[in-house]
Amino acid sequence: MVVQAFIRSGGQCECVDPSCEVGHYPFQCHARFSFEQRTTSDLAGYQADHYLPYALGGSATLENCRILCVPCHKSKTARQSSILAQFSKLKR
Ligand SMILES: [Zn+2]
Ligand SMILES: [Zn+2]
């Protein structure tokens with residue numbers, strides 16, 4: 001599934017998030033990954049991200065999978081924890 005997402009991404013970071021701290025907005029992130037290393041994400045420098053996290057009802061589908069470079073993924077993960085914190089407050 002991750003390899004399928006990688007092929008869809010064309011070897012480029014799929015982050016288009018306006019609030020991404022990497023600062024590529026309004027453009028898509030330009031980080032590119034080596035196609036040969038698509039099955040070894042650590043070496044290629046990308047991470048597969050669940051666009052909508054499991055905790056918020058996301059599923060393990062290709063549509064919910066984003067190929068992100070490490071800085072974008074870090075930024076998203078940092079924001080995600082505050083989103084999750086708000087979400088759990090709302091549930092209470
Ligand atoms: Zn990126
Ligand atoms: Zn980004």
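Leaving aside its neighbours within four places in sequence, which residues is glutamine 12 in contact with? I will answer that after a word on the model.

This is a predicted model, in which local features need pLDDT of at least 70 and side-chain atom pairs count only at pLDDT 80 or more, while totals for chains, interfaces and linings use all residues. Residues are numbered from 1 along each chain as its sequence is written, and chains are lettered from A and ligands numbered from 1 in the order in which they are written.

Now the answer. With neighbours within four places in sequence set aside, the contacts of glutamine 12 are Ala31 and Arg32; contact here is defined as C-beta atoms, placed from the backbone, within 7 Å. Glutamine 12 sits in the loop between α1 and α2. It is called partly exposed because 16 other C-beta atoms lie within 10 Å. The scale is this: buried is 20 or more other C-beta atoms within 10 Å of the residue's own, exposed is 12 or fewer, and partly exposed is in between, again with C-beta atoms placed from the backbone. From glutamine 12 to phenylalanine 35, 23 residues along the chain, the C-alpha atoms are separated by 9.6 Å.

Next, the overall layout. The protein has three helices and two strands, in the order α-α-β-β-α from the N terminus. Helices (H or I, at least four residues) and strands (E, at least two) are DSSP runs, numbered from the N terminus. As for pLDDT, the predictor's confidence in each residue from 0 to 100, the protein has a mean of 86, with 88% of its residues at 70 or more. Among the elements, the lowest mean pLDDT, 57, belongs to helix α2 (residues 41–44), and the highest, 93, to strand β2 (residues 65–69).

Stay with β2. Five of its five residues are buried. Cys65, Ile67 and Cys69 point one way from the strand, and Arg66 and Leu68 the other way. In a regular strand the side chains alternate between the two faces of the sheet. Strand β1 (residues 46–50) runs antiparallel to β2 and is joined to it by five bridges; strands pair if DSSP finds at least two bridges between them. Across that pairing, alanine 48 stands opposite isoleucine 67.

The largest nonpolar core has 14 residues, and Cys13, Cys29, Tyr46, Ile67, Leu68, Cys69 and Cys72 touch the most other members. Two or more residues come from each of α1 (2–9) and β2, and β2 gives the most, with four. A nonpolar core means buried Ala, Val, Leu, Ile, Met, Phe, Trp, Tyr and Cys residues joined through C-beta atoms within 7 Å. Cysteine 13, leaving aside neighbours within four places in sequence, is in contact with Cys29, Ala31, Tyr46, Ile67, Leu68, Cys69 and Cys72.

Back to the loop between α1 and α2, which also holds glycine 23. Glycine 23 counts as exposed because it has 9 C-beta neighbours inside 10 Å. Its C-alpha is 9.3 Å from that of cysteine 72, 49 residues away in sequence. Aspartate 17 lies in this loop too; it counts as partly exposed, with 19 C-beta neighbours inside 10 Å. The C-alpha atoms of aspartate 17 and lysine 76, 59 residues apart along the chain, are separated by 8.7 Å.

One last item in that loop is proline 26. The peptide bond from tyrosine 25 to proline 26 is cis, with omega near 10°.

Methods. Contact = placed C-beta atoms within 7 Å.
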